[in-house]
Amino acid sequence: MGSATQYVSKKPDRFGVIHWSDDEHLIWHDLITRQLRCIQGRACDEYCQGLTLLDLPTDRVPQLNEVNQVLESTTGWRCVEVPALINFDRFFSMLANQQFPVATFLRRREEFDYLQEPDFFHEIFGHCAMLTNPDFAAFTHAYGRLGYQANSQQRVFLARLYWFTVEFGLLETPHGLRIYGGGILSSPGETLYAMTDPKPLIKPFDPVDIMRTPYRIDIMQPIYFKLPAIKHLYQLAQQDMMAMVAKAQQLGLHRPLFPPKTTTQDPLSA
């Protein structure tokens, strides 16, 4: 979400097919083959299991109906094509209806290594595998329902919970830390940084603490939160998350661990 973009989503034809160019198929191939190598031994088992179910092609860009066949049969979710940017109301409404918004554009070759906006590769490769997991899917569904009913001030605190779980979440496992956040899993730089660099602070999972933690969307994250198990997200979805929002609002924000941004910040970043 945001206020401006240089990309335009592709519209599907009357059969629901998106017509990607030969160059876009090649970009997809290069993105997915590189990232499949990068996440080996770093992605969590739940993500890897979902990726196996999705069976994403490497020689072409997948179609949404191919992804949806798997999502609908596992957790009842489906991907829905959206413009490059959508507002909070539509975002939360879609999640509340088990619809995952996917911007149907692919980054250009000159932005191959980093793109601030979530493109088709980020949404499909980064997020859809976890949406095959019932616990993760239930959390995302509950999050959407709460966000749709929340006011603008509450949504800012909820956005931080999404950022440090769905986008940039880490998982404790018997084999060490693993990744489940799509923002990390779709980025080779963030994958290596989160798993091998000593600089980021890694804190225990605490929803109120997370909601009080500022972030920026345009830098490597200075802090991550490690979840004890994916099932904890399902358990969180059964709790009173809006009471946690109220507590976070009462306690106030932590001091940012990053310098201020000089240009306009994305509405999700706070």
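Student: Which residues does UniProt list for "binding site"?
Tutor: The unreviewed UniProt entry lists His 122, His 127 and Glu 167. UniProt positions are given in the numbering used here, feature names are shortened, and annotations may be inferred rather than shown by experiment. This is a predicted model, where local features need pLDDT of at least 70, side-chain atom pairs count only at pLDDT 80 or more, and totals for chains, interfaces and linings use all residues. Residues are numbered from 1 along each chain as its sequence is written, and side-chain values use heavy atoms, with hydrogens and water left out.

Student: Is His 122 buried or exposed?
Tutor: His 122 is buried, at a relative accessible area of 9%. Buried means under 20% relative accessible area, exposed over 50%, and partly exposed in between, with a 1.4 Å probe and protein chains only. His 122 lies in helix 5. Helices (H or I, at least four residues) and strands (E, at least two) are DSSP runs, numbered from the N terminus.

Student: And Glu 167, where is that and how accessible?
Tutor: Glu 167 is in helix 7, residues 152-167. Its relative accessibility is 11%, and Glu 167 counts as buried.

Student: What joins the side chains of Glu 167 and His 122?
Tutor: A polar contact of 3.4 Å. That term means a pair of N or O atoms within 3.5 Å; within protein, one must be able to donate a hydrogen and the other to accept it, and residues adjacent in sequence count only if both atoms are side-chain atoms.

Student: What else does His 122 touch?
Tutor: Not counting residues up to four places away in sequence, His 122 touches Arg 107, His 127, Glu 167, Gly 182, Gly 183 and Ser 186. Contact means heavy atoms within 4.5 Å. With the neighbours within four places in sequence left aside, the contacts of Glu 167 include His 122, His 127, Gly 182 and Gly 183.

Student: How many residues of helix 5 are buried?
Tutor: 8 of its 8 residues are buried. Among them are Phe 120, His 122, Ile 124 and His 127.

Student: What does Phe 120 pack on?
Tutor: Leaving aside neighbours within four places in sequence, Phe 120 has contacts including Trp 20, Trp 28, Leu 64, Thr 104 and Leu 106. Phe 120 is also one of the residues with the most contacts inside the largest nonpolar core, which has 81 residues. A nonpolar core is a set of buried Ala, Val, Leu, Ile, Met, Phe, Trp, Tyr and Cys residues joined through side-chain atoms within 4.5 Å.

Student: Which helix gives the largest share of this core?
Tutor: Helix 7, with 8 residues. Apart from that core lies another, of 5 residues, among them Tyr 7, Ala 84, Phe 105 and Leu 115.

Student: Thr 104 came up. Where does it lie?
Tutor: Thr 104 lies in the loop between strand 2 and helix 5. Thr 104 is buried, with a relative accessible area of 0%. Its side chain reaches the backbone oxygen of Lys 10 at 2.7 Å.

Student: Now helix 3. Which of its residues are buried?
Tutor: Leu 64, Val 67, Asn 68, Val 70 and Leu 71 are the buried residues of helix 3, which covers residues 64-74. Seen down the helix axis, they fall within an arc of 165°, so they line one face of helix 3. The arc is that of the directions from the helix axis to the C-beta atoms.

Student: How many disulfides does the structure hold?
Tutor: It holds 0. A disulfide is a pair of cysteine sulfur atoms within 2.5 Å. The sulfur of Cys 38 is 12 Å from the closest cysteine sulfur, in Cys 48, too far for a bond. For Cys 48, the nearest cysteine sulfur is that of Cys 44, 6.7 Å away.
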